[in-house]
Amino acid sequence: MNELELSLKELATNLLKRDILYSRLTHTKQAELIDFAISIGRKQARKCLASGLNPEQPELYLKKYCQLEFKKHPPQIPIYSEFEVKNNKIILYLSEIEEIVQGLEITVDKKRLINLFLLHEFFHFLEYNSIGPVSRMRKITVFKFLFLEIKRGLFSLSEIAAHAFVREFSGDPVVYINANAK
Amino acid sequence: MTSAILIIVLFVILALLMLTRKLPTLLAIPLMAIGIAIIAGIPLGGEQGILSNIIQGGVTRLATAYVAVIFGAWLSQIMTQTGISKSIIKFAAELGGDRPLLITLLLAIAIAILFTTIGGLGAFIMVGSIALPIMLSLGLPPVSAASIFLFAFGVGITINLGNWAFYVDATGVPLEVVKTFALSLAGVTAVLTFVFILIEFKKAGIRKHWVKPELNNQAEVRDEKVPKLALFTPIVPLLFVLVFNWPIVPSFIAGLIFAMITLHKSFAETVNIITKSAYDGISDVAPVIVLMMGIGMLLKTVFHPQVSAIMEPFLNAVIPSSTIGYILFFSLLAPLALYRGPLNMWGLGSGIVGLIISLGLLPAPAAMSALLATERVQAIGDPTNTHNVWLANYVGVSVNDILKKLLGYIWVLAAIGVIIAAVLYM
């Protein structure tokens, strides 16, 4: 099923399942981590709205903080978009982004579609420039022997929070990008 | 003199045929063995003749080595089929958690440890298809991820016991010498791997991606539950050779027994795994065994007194005997190990090293070490390696791009190896 068609909880569960540390999580822990990451994303979205981010035209707001690049050629790895921490740069791969709507039987509002990705990557900007990486806010034990205990964060929490951030603005993304649903 | 020129011409023709992929090494080496024998005037019959000495004696010349390779492949299959190799890679990634540099370093260590024991394209694909998506998902460019993988593989393969058996058998150098030099070379390779990873991370920086679902799907990786103790399996044979000075084959058997005990399988399952992995392991290394048979024939040819006598004046003029000459010669020409070239022990190099040793042009440990050092260029960077081709395809880059990325590093690595060899054995 297309990622955009999934509910936030379903998407978060899928993302957590792809995490290298997934097998170490109990069901209770999974639910707790998902709720935690979602709450961070939503909280940041509300803060951004309060500080003047217009989700219909996020470019203007985002350009104050980071560079934006729209690439037409495909990326070297299967991704839709990325955020380069070193250069504070958001890169969108347009050919790949167009792929994500394949199979959705709607007329897509391309500008809104782009917004989803811009906002997603902007959340990562916030992680590295304001709130700190969400992946490191909750850690789990990966190794324990006698007095030695190694705890590590989960990459997926960062992504779950970024998706929650976007959906706080967009609501159901399929409805949001549907040109006929405005 | 005419015979020497004809031998060199044959050598160049076969090298070109291999380079242009008109003739596989598997066939070129035995053809060269017989061709040289004919040019040198070695008779067909008789105890020292082509039939008995070169062909019959040649195919069994490296028997000890290929038996070791078979046992290595057997253990390799056990590690693959029971999930030990997968679990080692996964455990390394888990220990790294959400720290990309740490994950990459730990993955490199895990890959290196695995390849001290496992081998063959099947094992390479199995490890690569787990480790590479993780590396790519960290934001490393594909060519960097592939290069890091090859570097880590290069560390492990330098202390791969099956390979040690080959060097001992092919050059007649004691295992102790191979052990000392290979461990030094692995140390240098590890340091360069570390430097390479740091440089690549510095260049790439931290990147966050909205990835497509197909990248790094760990749900496909986590299947088998392997007891933690079984994860030590790849280092067991190495420990037995290094610490208890056991020969290579019994050390592999010790690894095999250790794996089966620590995996806690039922008796029926244990028997099943042992037999299936034995068959699969042997079929994995069948091409290597056939190649070794050809190399054995070539060694028999170049060690033949008639061939040595013909080649002595030529090689005397070419191979330097001074320490500085030795360092310059092998360091500068190290890339000749690429494309199955004359400094590749698993190709034409075995003939060259055989001649150098048989003529006493260099001490045997110095000749073996020089070729082992230059072979780093081949093992890690050679675009004709099937594992390099698979890797390039998997990450979607050209195999030559990987070589371009690595060549500077592996050339320096070979040169450092030659210098160490000169200090130890010249």
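A residue is termed buried when its relative accessible area is under 20%, exposed when over 50%, and partly exposed in between (1.4 Å probe, protein chains only). By this criterion A:Arg112 is buried in the predicted model, with a relative accessible area of 15%. Because the model is predicted, local features need pLDDT of at least 70 and side-chain atom pairs count only at pLDDT 80 or more, whereas totals for chains, interfaces and linings use all residues. Side-chain values use heavy atoms, with hydrogens and water left out, and residues are numbered from 1 along each chain as its sequence is written, the chains being lettered from A in the order in which they are written.

Over all chains, the structure holds 23 salt bridges, each defined as a side-chain nitrogen of Lys or Arg within 4 Å of a carboxyl oxygen of Asp or Glu. One of them pairs A:Arg112 with A:Glu56, the closest N and O atoms being 2.8 Å apart. This pair links distant parts of the chain, 56 residues apart, with A:Glu56 in the loop between H2 and helix H3 (58-63) and A:Arg112 in helix H5 (residues 110-131) of chain A; helices are DSSP runs (H or I, at least four residues) numbered from the N terminus. A:Glu56 is partly exposed, at 34% relative accessibility.

In chain B, a salt bridge joins B:Lys179 to B:Glu176, with 3.3 Å between the closest N and O atoms. Both residues lie in helix H10 (residues 175-204), 3 residues apart, about one turn of the helix. B:Lys179 counts as buried at 6% relative accessibility, while B:Glu176 counts as partly exposed at 47%. Elsewhere, salt bridges that share partners join A:Arg24, B:Lys90 and B:Glu94 into one network.

Methods: Helices (H or I, at least four residues) and strands (E, at least two) are DSSP runs, numbered from the N terminus.
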